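Here's a quick briefing to read alongside the model. Have the viewer open, and let's walk through the fold, the core, the pocket and a few residues.

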Amino acid sequence: MLTELRHLQEHMAWADDSMLGVLASAPSLPSEAARELAHVLGAEENWLARLQARAPRIAIWPDVGAANLRQLAAEVHAGFAQYLDGLTEADLHRMVSYTNSAGILFETSVRDILHQVFLHAQYHRGKVNLLLRQAGLAPAPVDYIAWVRGFPTAVTRVGG
């Protein structure tokens with residue numbers, strides 16, 4: 001399971017970086033798209049802080065400018081890579097106690113938290129891509145299969 005989770009973490013970092021690349025090259029970026037991606041990174045940081053039993057460095061919906069997103073992503077991705085490198089299979093079953101953003105106390109396994117991080121991020125990347133399409137811009141190809149293949153998936157249908 002740990003190998004699979006590392007694989008998903010690598011996809012997460014690649015997909016976030018792909019999104020950042022598209023946002024950086026957009027001639028006119030919808031502000032809501034940058035806000036959604038900032039949330040992805042803010043949520044990733046907050047979950048990492050819970051796993052590491054420390055205070056988060058930023059809010060779940062951080063107010064960071066588009067120019068600061070790449071640095072934030074680099075820090076969060078490095079943190080997750082280091083965290084996963086220190087885990088054992090047994091650690092995946094450890095329960096983590098934390099208080100969510102609504103002030104409710106929960107206990108969740110490391111394994112389930114990691115799945116939440118990877119799935120939540122992909123959901124919001126889809127929202128960013130929708131906002132880009134609505135603005136007439138090309139979406140970022142962040143599908144898992146595109147990462148596995150090393151080749152972007154089609155973003156428009158070619159032919160009839």
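Predicted model: local features only at pLDDT ≥ 70, side-chain atom pairs only at ≥ 80, totals over all residues.

**Overall fold**
- The protein chain has five helices and two strands, and reading from the N terminus the order is α-α-α-β-β-α-α.
- Why call the radius of gyration of the protein chain one that agrees with a compact globule? A compact globule of 160 residues would come in near 15 Å, and the protein chain has 16 Å, so the two agree.
- Of the 160 residues, 42% count as buried.
- If you look at contacts with a separation of 6 or more, 65% of them join residues 24 or more positions apart.

**The nonpolar core**
- The largest nonpolar core has 41 residues, and the ones with the most contacts inside it are Leu37, Leu51, Phe80, Leu87, Val110 and Leu114.
- Helix 1 (2-25), helix 2, helix 3 (69-85), strand 1 and helix 4 (110-134) each put at least two residues into this core.
- Take Leu37 from that list: setting aside residues up to four places away in sequence, Leu37 touches Met19, Leu20, Leu23, Leu69 and Val128.

**The largest pocket**
- The volume of the largest pocket is about 160 Å³.
- Its lining is made of 13 residues, with Ala49, Arg50, Ala53, Arg54 and Tyr98 lying nearest the centre.
- Helix 2 (31-51) and strand 1 (95-99) are the elements that give two or more residues to that lining.

- Arg50 lies in helix 2. Is Arg50 buried or exposed? Arg50 counts as buried, because its relative accessibility is 15% and the cut-off for buried is under 20%.
- Beyond residues up to four places away in sequence, Arg50 touches Ile60, Val96, Tyr98, Thr99, Asn100 and Ser101.
- Arg50 and Thr99 are 49 residues apart along the chain, with 8.7 Å between their C-alpha atoms.
- Ala53 sits in the loop between helix 2 and helix 3, and at 73% relative accessibility it counts as exposed.
- Check the backbone of Ala53 too: its phi is near 55°, a positive value in a residue other than glycine.

- His39 belongs to helix 2 and counts as buried, with a relative accessibility of 5%.
- Which residues does His39 touch, not counting those up to four places away in sequence? They are Ile60, Trp61, Pro62, His120 and His124.
- Met95 is in strand 1, and its 43% relative accessibility makes it partly exposed.
- Leaving out neighbours within four places in sequence, Met95 is in contact with Glu107, Thr108 and Ser109.
- Met95 and Asp112 are 17 residues apart in sequence, and their C-alpha atoms are 9.5 Å apart in space.

Key:
Residues numbered from 1 in each chain as written. Heavy atoms only, no water. 1 Å grid on protein atoms, 1.4 Å probe; cavity = no way out; pocket = protein on both sides within 12 Å on 5 of 7 lines; lining within 4 Å. Points joined across faces, edges and corners; volume = space filled by probe spheres on them. Helix = DSSP H or I, 4+ residues; strand = E, 2+ residues; numbered from the N terminus. Core = buried A, V, L, I, M, F, W, Y, C linked by side-chain atoms within 4.5 Å. Buried < 20%, exposed > 50% of the residue type's maximum accessible area, 1.4 Å probe, protein only. Contact = heavy atoms within 4.5 Å. Rg over C-alpha atoms; globule rule 2.2 N^0.38 Å.
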